[in-house]
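Please read this short report beside the sequence and the 3D view.

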Amino acid sequence: MDLGIMGRAAVVTGASTGIGLAVARELVENGVSVLIVARDERRLEVAAAGLRRHSQAKIASLALDVASPGAGDRIVNAAVSSFGALDILVNNAGRAHAGGLMTSSDSDWDEMTVLKLSSMRRICKAAIPHMRTKQWGRIVNMSSIGGIYPNPKLLISHVLSAAINNLTKSLALEVAADGILVNAIGIGAVATDNWANNMLPAVRRSRAEMAGLSDNEVLARVGAEMTPVGRAGTPEEIAAIAAFLVSARNGFVTGDTIEASGGADRFM
Ligand SMILES: NC(=O)c1ccc[n+]([C@@H]2O[C@H](COP(=O)([O-])OP(=O)(O)OC[C@H]3O[C@@H](n4cnc5c(N)ncnc54)[C@H](OP(=O)(O)O)[C@@H]3O)[C@@H](O)[C@H]2O)c1
């Protein structure tokens, strides 16, 4: 399917690995110029070099914490100075936080809120004037199915996912008349570093019977248990949905949170 976005300019945050890198790859393969953003400069450069092998499209990178002050303007200014425009924004940077109300701290709450929600709001706010100028734009915000089916063991992540879904709906209504479509993806279990770093320790703490299994075996077992299709998803499966949502082939889906969870109606 020709996505009709050749020559467009995009930002993908959290694109040095995992789902963000898979989204960036889909975009460059479709002729989109992409600015990839993440904190670790060396990993970002490796990702950019890999993307350049896939396409002649322009690729720029910016090593930045999306939660830092002024990050929204810095990201958007970097894209516009590299490509002369910004048409597509994929807000993907972030991670899960495992813990309930009684097992998480005020600083966990504050840190995760800035990382996932406030940064998204600020980047959208900086990007929209550039999309309005062209009366065309596409935004995808990465959320979790926990925003719809919350699990109290992931309280902060799932409250913030619900807020992301609400931000997405409200923003979609605010900018629909400007030709800008805004959607979220409610992601289920997808095998990435995020899962390995932030979820596996909690699974191992609560599931003593998995003590002798490797990380991959635990992921396979938990992915199969929680997912009706019988396995965890792949970054590429999420990227394919994002690529459609930000494409010219999407003209009528906006304000939605697309559930991408292999049929799961719970998170762990
Ligand atoms: N995998 C899942 O099962 C799942 C489920 C639900 C939702 N999600 C959401 O989907 C998104 C992508 O997750 P993933 O699983 O692909 O994660 P991942 O493999 O851990 O990749 C996360 C990416 O975000 C970057 N990043 C993290 N914190 C950042 C910050 N403060 N500023 C800039 N970049 C930052 C990381 O690079 P640096 O560390 O170098 O900054 C990396 O490039 C996340 O928002 C996550 O919450 C994932």
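The ligand is surrounded by 30 residues, of which the closest are Ser-16, Arg-39, Asp-65, Lys-116 and Thr-192; a residue is near a molecule if one of its heavy atoms lies within 4 Å of it. This is a predicted model, where local features need pLDDT of at least 70 and side-chain atom pairs count only at pLDDT 80 or more, while totals for chains, interfaces and linings use all residues. Residues are numbered from 1 along each chain as its sequence is written, and side-chain values use heavy atoms, with hydrogens and water left out.

The table lists polar contacts, that is, pairs of N or O atoms within 3.5 Å.

| Residue | Its N or O atom | Distance to an oxygen atom of the ligand |
|---|---|---|
| Gly-14 | backbone | 3.4 Å |
| Arg-43 | side chain | 3.2 Å |
| Asn-194 | backbone | 3.1 Å |

On its own the ligand has 880 Å² of accessible area, and the protein covers 93% of that. Such areas come from the Shrake-Rupley method with a 1.4 Å probe.

Which elements supply residues to the shell around the ligand? Helices α1, α4 (106-134) and α6 (193-206) and strand β5 (137-144) each give at least two. The largest share, three residues, comes from α6. Helices (H or I, at least four residues) and strands (E, at least two) are DSSP runs, numbered from the N terminus.

Helix α1 covers residues 18-29. At 1.5 Å a residue, its twelve residues should span 16 Å, and the end C-alpha atoms are 17 Å apart, which agrees. The expected span is 1.5 Å times one less than the number of residues. Buried residues of α1 are Ile-19, Gly-20, Leu-21, Ala-22, Val-23, Ala-24, Leu-27 and Val-28. Buried means under 20% relative accessible area, exposed over 50%, and partly exposed in between (1.4 Å probe, protein chains only). After α1 comes Gly-31, with a positive phi near 80°.

Gln-135 also has a positive phi, near 50°, although this residue is not a glycine. Gln-135 sits in the loop between α4 and β5. Is Gln-135 buried or partly exposed? Its relative accessibility is 44%, so Gln-135 counts as partly exposed.

Pro-201 is found in helix α6. With a relative accessible area of 35%, Pro-201 is partly exposed. Between Pro-201 and Ala-57 there are 39 Å in space, C-alpha to C-alpha, and the two are 144 residues apart in sequence.

Definitions and conventions:
Polar contact = N/O pair within 3.5 Å; in protein donor to acceptor, adjacent residues only side chain to side chain.
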